[in-house]
Amino acid sequence: KMAAAAGAAVAGLWSEVNRCGQNGDFARALKSVNKILQINKDDVTALQCKVVCLIQNGNFKEALGVINTHTKVLTSDVIAFEKAYCEYRLNRIESALKTIQSASEQTDKLKELYGQVLYRLERYDDCLAAYRDLIRNSQDEYEEERKTNLSAVVAAQSTWEKVVPEDLGLREATYELCYNSACALIGQGKLNEAMKKLQKAEELCRQSLSEDSDVTEEDIEAELAIIHGQMAYIMQLQGRTEDALQLYNQIIKLKPTDVGLLAVIANNIITINKDQNVFDSKKKVKLTNAEGVEHKLSKKQLQAIEFNKALLAMYTNQADQCRKLSASLQSQSPEHLLPVLIQAAQLCREKQHAKAVGLLQDFADQHPANAAEIKLTMAQLKIAQGSITKACMILRSIEELQHKPGMVSALVTMYSHEEDIDSAIEVFTQAIQWYQQYQARTNHGCCVFQPKSPVHLSLIREAANFKLKHGRKKEAISDLEELWKQNPKDVHTLAQLISAYSLVDPEKAKVLSKHLPSSDTMSLKVDVDALENSHGATYVRKKAGKLTGDNQQKEQGQGEVKKKKKKKKGKLPKNYDPKVTPDPERWLPMRERSYYRGRKKGKKKDQVGKGTQGSTTTGSSELDASRTASSPPTSPRPGSGAAVSATSNVIPPRHQKPAGAPATKKKQQQKKKKGAKGGW
């Protein structure tokens with residue numbers, strides 16, 4: 001009876017578990033499962049149900065603990081998917097991969113999870129093959145999700161591995177597919193096309209979410225945040241930093257729950273700020289340290305964030321922090337250039353240029369594959385220090401760049417600056433010899449690349465021009481002759497050769513000039529009408545017409561008279577009297593006039609300019625207003641001053657000879673007093 005009662009109880013509990021599972025109430029189902037396990041602790045089905053209930057409730061760690069505790073009962077064949085899924089959700093990706101690979105049977109569920117695990121491990125080629133196999137062999141309602149995952153893999157390959165994506169023929173009917181397609185285009189550098197795809201993705205997202213009445217505008221904006229973030233990134237790549245910054249800040253204000261998105265946006269804002277607005281950058285860098293960021297981003301994204309942290313430490317003068325971060329990065333990626341470049345930059349900020357060059361030299365010796373870029377930086381430091389010759393030596397030690405036109409040009413310019421013409425010519429000679437040897441190897445079939453003969457010829461021509469400029473005529477002639485032999489129809493080279501010979505061997509120049517084409521055979525393809533109607537020609541023609549216009553008028557005898565400019569009437573003094581004859585000596589200085597008597601010598605003259613400002617030698621009694629009978633008014637009486645000026649017939653000295661020197665002086669004093677300005 002007890003066994004029958006227990007069986008009935010277990011059956012009832014199983015019914016409860018089944019009902020709760022169908023209703024999605026896994027917390028209640030878990031309670032019933034636990035009661036069953038109290039009756040039979042090794043019930044395989046009950047243990048499986050318990051693991052599923054815990055997974056559905058998000059208790060992945062507890063679920064994995066149950067699996068590991070009952071390994072004898074829950075073998076890998078029975079519970080492989082659940083175990084791998086728990087490990088995947090707990091970010092134990094390598095363990096999840098081992099669990100999947102150790103399963104005896106690869107079910108569809110395990111294959112789906114296998115694809116996700118490969119994506120997280122950034123094994124994109126294997127992941128692409130896994131999803132293709134799934135799409136080919138599956139027919140259910142999850143086909144759209146698999147295609148979305150497949151497009152995400154292609155986008156990741158294009159972005160991180162710079163692989164040109166193949167056309168998968170996917171219909172971009174959902175905003176997720178449009179978004180992934182845009183990411184793939186960004187990886188290829190097709191920014192305008194990517195922006196159009198993102199705009200289409202935004203439109204599809206709004207349409208899709210607006211159909212659900214429970215979705216609010218805030219929910220839609222939160223879903224669109226990742227699309228807007230990618231739009232801002234495109235703007236940043238296009239140089240529209242202000243627009244990008246504005247959109248980035250709008251996304252941050254929404255406070256999205258995706259810590260990965262926030263970290264990427266914060267990092268991009270820091271790259272826009274650079275060494276400016278470092279206070280804002282220090283606030284934004286906190287978003288990159290949020291919990292779980294390392295599981296949301298790819299390795300290259302995390303590495304870029306760490307590089308920017310080191311650079312920010314350098315810009316904020318945190319030298320120890322900068323060295324610590326860059327050293328950590330170098331230990332993680334010993335062959336990467338950026339950590340050592342950041343360390344060198346920090347040393348330069350501390351005025352330790354020699355130590356920075358030594359650090360770079362050590363890295364170049366240890367990693368010859370990356371030596372070229374490091375040596376370019378070393379040369380730049382030497383130039384900054386003014387050591388041009390040492391910089392040239394460093395540049396010439398980069399064998400793979402010695403023959404490049406840019407390197408040749410830089411070296412010749414630097415040697416010319418140092419007035420080392422022989423070394424500059426040697427640079428030209430070595431580059432030309434390299435191309436000659438390259439041509440020889442190509443002709444013997446030892447090289448798969450095509451010879452760059454145009455570059456070779458260009459170097460010879462530049463070398464000839466340089467030698468002519470610096471008086472090395474014979475050497476220049478040798479180069480020009482070689483050019484002319486390779487292309488006897490090149491009139492320009494022949495003209496240069498004749499010009500050079502004319503300075504050294506005029507007879508040879510005459511002989512070569514016979515090879516020049518006659519003027520009759522030369523056809524100048526010039527549109528005369530277009531040339532005459534051009535802006536410059538029109539300006540010259542108009543100017544010439546202005547210069548020759550008067551002569552043509554005289555020759556033709558036309559009666560047109562050239563307009564003369566009217567002379568403006570000179571201004572006369574206010575009190576000018578036309579009846580009085582002006583003083584004939586008015587243009588002479590006062591001292592040279594016949595009636596000049598000289599200044600009257602007196603006490604006042606001796607007193608002028610003596611004493612402190614505002615003081616005078618006159619007795620104080622003379623200036624005491626209280627001792628005078630009546631003080632004079634501070635302003636003239638109405639009408640008094642006006643009457644004097646209106647009725648005065650006094651003629652100024654510029655128009656009439658005054659009666660005597662005192663009268664003239666009195667008039668000058670009156671005029672001086674009238675125009676004086678009070679300083680108090």
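This is a predicted model: local features need pLDDT of at least 70, side-chain atom pairs count only at pLDDT 80 or more; totals for chains, interfaces and linings use all residues.

**Exercise 1.** Determine how much of residues 225-258 is helix and how much is strand, and how far apart the end C-alpha atoms are.

Solution. Helices (H or I, at least four residues) and strands (E, at least two) are taken as DSSP runs, numbered from the N terminus. On that basis, residues 225-258 are 76% helix and 0% strand, with the end C-alpha atoms 10 Å apart.

Residues are numbered from 1 along each chain as its sequence is written, and side-chain values use heavy atoms, with hydrogens and water left out.

**Exercise 2.** Locate E112 and R146, and state for each whether the residue is buried or partly exposed.

Solution. First, E112 forms a salt bridge (a side-chain nitrogen of Lys or Arg within 4 Å of a carboxyl oxygen of Asp or Glu) with R146, the closest N and O atoms being 2.4 Å apart. This pair links distant parts of the chain, since E112 lies in helix α7 (residues 108-120) and R146 in helix α9, 34 residues apart. Next, buried means under 20% relative accessible area, exposed over 50%, and partly exposed in between (1.4 Å probe, protein chains only). E112 is therefore partly exposed at 22%, whereas R146, at 6%, is buried.
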